[in-house]
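Trainee: I would like to learn how to read a structure like this one. Can we go through it feature by feature?

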Amino acid sequence: MMFRLAFRNISRNRRRSLMTAALVAMGSLALLVFGGFVTNIFAGLETGIVQNGGHLTVYRSGYFLFGPGNPAAYGIDDHQALMHDIEADPALHAMIEVLTPTQSLVGIAGNFSGGVSASKTFFGVGLIGTDREHMHRWNDYNAGRIYPPDDRLNDPNAPRGVIGRGVARMLGLCAALHVPNCPTPPPQPVPVSTAPPLDAGLADLARDEQGTNATTTGGPKIDLLSATADGAPNIVGLEVAGVDIQSVKEFDDNYIAMPLPLAQQLVYGRGTHKVTAITLQLHHTADMPAARARLEAIIAARHLPLEVRDFRELNPFFVQVVGMFSVIFLFLTLIMGVIVLFAVVNTMTMNVLERTNEIGTVRAMGVRRSGIRRLFLLEGALLGAIGATFGVLLAFAAILAINNGGFHWTPPGNTDPVPFKLAWPTSPGLLLGSWFGLVLVATLATVPPSNRAARSRIVDALRHV
Amino acid sequence: MSEHSNSPVVRLEHVARTYQAGAVSIPAVRDISLDIAPRVFSVIIGPSGSGKTTLLNMIGCIDLPDSGRIEVSGEDVLGLSDNALADFRARHIGYVFQSFNLIPVLSAFENVEYPLLLLGVPPAERRRRTLAMLAAVGLAAQANQRPNELSGGQKQRVAIARALVKQPALVLADEPTANLDSATGASIIALMRQMQAQFHTSFIFSTHDDHLMQQADQIFTIRDGVLVP
C-alpha cells in the first residue's frame, strides 16, 4: 500500500514530477555517456600498451631507474633458464598469453644511400617477431587497434627491421617505403670537406660485421651504430622492411624494431648474448597482481638480481590520463549530484507543503512520524529510480547512435584519428553505481522535507489550507 | 474497554490549554472536567472560538493540554510517548472531519481500508471488513471511485466508514455536516446515529447544527473555554 500510495502521490503533479525525473535522467545520461567515453579511453590506452609492452616486465635490478641510458650494462644473464622456470610454473602458465625476451638499445641510425645523408639517434628494441605478432592480437576489451598480419620481423636471422614513421621521415625514407602522410625532407646543401666520407666507412663496417649471407627483400638500407657492453662501437646494417607507426610522436621519431639476435649482436658483439627484459603478456589484466606475486616469488627463490615492473609503472602517462579523467568524472558526478539534489529538494518541499492537511489527517488516524518520513523518502527514491532508469535507456540509445555515427577523433597517445566510440556502460561499477548513486541522492534530498512533514504538529497540519 | 463496561469512555480532569500568539497568551480551554459515557451520542456546542475544537482535539489525542489529566478508554493518554499515542489513535479513535479529508489518490475502498492497514489486519480480513463497511454506508457501488468522483455526501459517508471500519471505542467528528447541504447533512446524521447503534461506538461531535443537537444523548456547552451548565 505504501508503495502504491507513494507512486500515486508522485503522479499527482505530473508536470513537476516529470521535470524532476527528467533532470535525474539527464544526470544519469551524462554520467553513463561520459563514463562510456572514459572507459573507452582507458581500455584503448591499456590495450595499446599491453599489445606492445605486455603486462609485466622483468628487468635486472636498477634498470628501471638507470638502465635505459646504458641497456648493455643491465642484461639478464641466462634468461632462457628463467623463462623455462616461468613457463613451468602451473599458476603462471595458466595466466600467460605471451612470454618473450626483448633487448633494448640506443644508438645512431644513418641513411647514406641514394644521395641521402641523414642520421639520428634511435631507441631500438630487439624482439621475437612471432611473439610480437601474437602480442598485437591482445584485445581483451575489444577497444584496441587491429593490427594486420605482419611477418616482417618473423625471420630471426634476417637483418631486417621496422622503423617509426618519424624515423623514416628524418632519414629520408618515406618515398622509398611509400609511407602516407610522411613528407620528404627538402634537399640540403652538401658541406665541402676534404676528409673521406664517413657514410662509406660505416657501410663497409656494417657489411664486414654481418658477413654477406643475409637474405634481403629489396628494402632500403640503413646503418645502426651502437656501443657494446664493454664500450666499443659496433655497427650493423639494417634493411628497412617498412614503418610501424607508434602512438606517441616522440617515440615514433626514435623507434626501430629488429629481430632479437640482430639487437644482441649490436649490443654484445661476439660476447655472451643477454636480454634487457622478459615480457609477460597475460590473458587478462585482472590477473596481473597474482601473476606479479608469483613471478616475484620465483625470482626470490632463485636469488636473482631482478625486479618486476607492471605496465602502469612503465607508462606513467597512462596513470596520469586515468587520474585526470577520473577527476573530471568525479567532478561531473558532483555537479550532477548537486543538480539532482536541489531539483528533488524543491519538488518534495512543494509536495510536503501541498499535502500538509493530508499529513495531519493520516497522523490523526494513527500513522507515526516515522511512517510519514518513510512515505516521503519512498517518493523521493521512486522519483530518482524512475529518472535514473529512463536515463539508462537514454544513455544506451545515445551510445548506440554515437557508435554508429561514423565519428573520428585523435585520442591522447595516438598520432592518427580513430573511430570515436563509447564503451557500453555495462560495468556494475558504472551502471549500478550511477543508478544507485542518483537514487540515493534523490532519497537524501527528500530527508529535509520529509523531516519537516514528520515534525509538523497534527492540529497545525489539519488547519493548513 | 469491555463492551458492557459503564466506565466513561472519556474522562477529563482540570484540563487547560493555552495558545501562544507571539507575546499574547490565548486560553482556549480552562480547567474543564467532564465524563463521557460509553456508547452514547455526545455533542459539544458553543460559539466560534469558544474552545470546542481544542477540546475535541485533546480528547482525540492529537493535541495535548498544558495541565490536567485525560483518560480515553481507561488509558491515561498523557503518559504515552508520541509513537504510543499514534498507535493508541490507530486502535481506539476514529475521526470524521468537516472537509472529509479523504486521501485523494486512493479510491473509496482504499481510503476505508487504510486504517486496517495501520493495524496490520490480514489482507483477506481487511477486504471483507472494508466491503462490509462500504455496504453499510451505502457505497458498495462506489468502492473503486476516487474522492474527486464522489459528491460531498458520499465523501462524508466514506469518511464515516473509514472512522468505523476499525471498530474504535470512540469516533470524533468536528462539525461533520458544516460542508453539506441540509438534506445531505440530515442523512449523514441519520447514518451516524444508525452506525452508533449498530456498532455500539461512542460518538462525540462539535457542531452548530440544531438537527444534530436534537439527536444527541449528551450535550456539553462550552463558552470562553469553560463548560457552562
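Mentor: Start with burial in chain A, where buried residues make up 42% of the 465 residues. Keep in mind that this is a predicted model.

Trainee: What does the secondary structure of chain A come to?

Mentor: Chain A has 19 helices and 11 strands. Its radius of gyration is 32 Å, well over the 23 Å that the globule rule gives for 465 residues, so chain A is more spread out than a compact globule. Along the principal axes, its C-alpha trace spans about 110 × 55 × 35 Å.

Trainee: And how many of the contacts in chain A join residues at least 24 apart?

Mentor: Take the contacts between residues at least 6 apart in sequence: 81% of them join residues at least 24 apart.

Trainee: How do I read strand pairing?

Mentor: The general idea is that strands of a sheet pair through backbone hydrogen bonds, either parallel or antiparallel. For a case, take strand S7 (residues 255-259) of chain A.

Trainee: Is S7(A) largely enclosed or open?

Mentor: Of its 5 residues, 5 are buried, so S7(A) is largely enclosed by the rest of the structure. Strand S3 (residues 118-127) of chain A runs parallel to S7(A), joined by 5 bridges. In that pairing, Gly126(A) stands opposite Met258(A). Strand S4 (residues 160-163) of chain A pairs with S7(A) in the antiparallel sense over 2 bridges, and here Val162(A) stands opposite Ala257(A).

Trainee: What is the order of the open sheet in chain B?

Mentor: That sheet has 4 strands in the order S2-S1-S4-S5, with antiparallel pairing. Its edge strands are S2 (24-36) and S5 (75-76) of chain B, each pairing on one side only. Strand S1 (residues 10-21) of chain B pairs with S2(B) in the antiparallel sense over 9 bridges. Arg11(B) stands opposite Asp35(B) in S2(B).

Trainee: What about the side chains along a strand?

Mentor: In a regular strand they alternate between the two faces of the sheet.

Trainee: Last, the contact between the chains. How many residues does each chain give?

Mentor: Chain A gives 16 residues and chain B gives 19. On the side of chain A that touches chain B, helix H1 (2-10), helix H15 (356-365) and helix H19 (458-463) each supply at least two residues. H15(A) gives the most, with 5 residues.

Trainee: How do the residues on that side of chain A divide?

Mentor: They divide into 7 nonpolar, 4 polar and 5 charged.

Key:
Residues numbered from 1 in each chain as written. Chains lettered and ligands numbered in written order. Predicted model: local features only at pLDDT ≥ 70, side-chain atom pairs only at ≥ 80, totals over all residues. Contact = placed C-beta atoms within 7 Å. Nonpolar A, V, L, I, M, F, W, Y, C, P; charged D, E, K, R; others polar. Rg over C-alpha atoms; globule rule 2.2 N^0.38 Å. Buried ≥ 20, exposed ≤ 12 C-beta atoms within 10 Å, placed from the backbone. Pairing = 2+ DSSP bridges.
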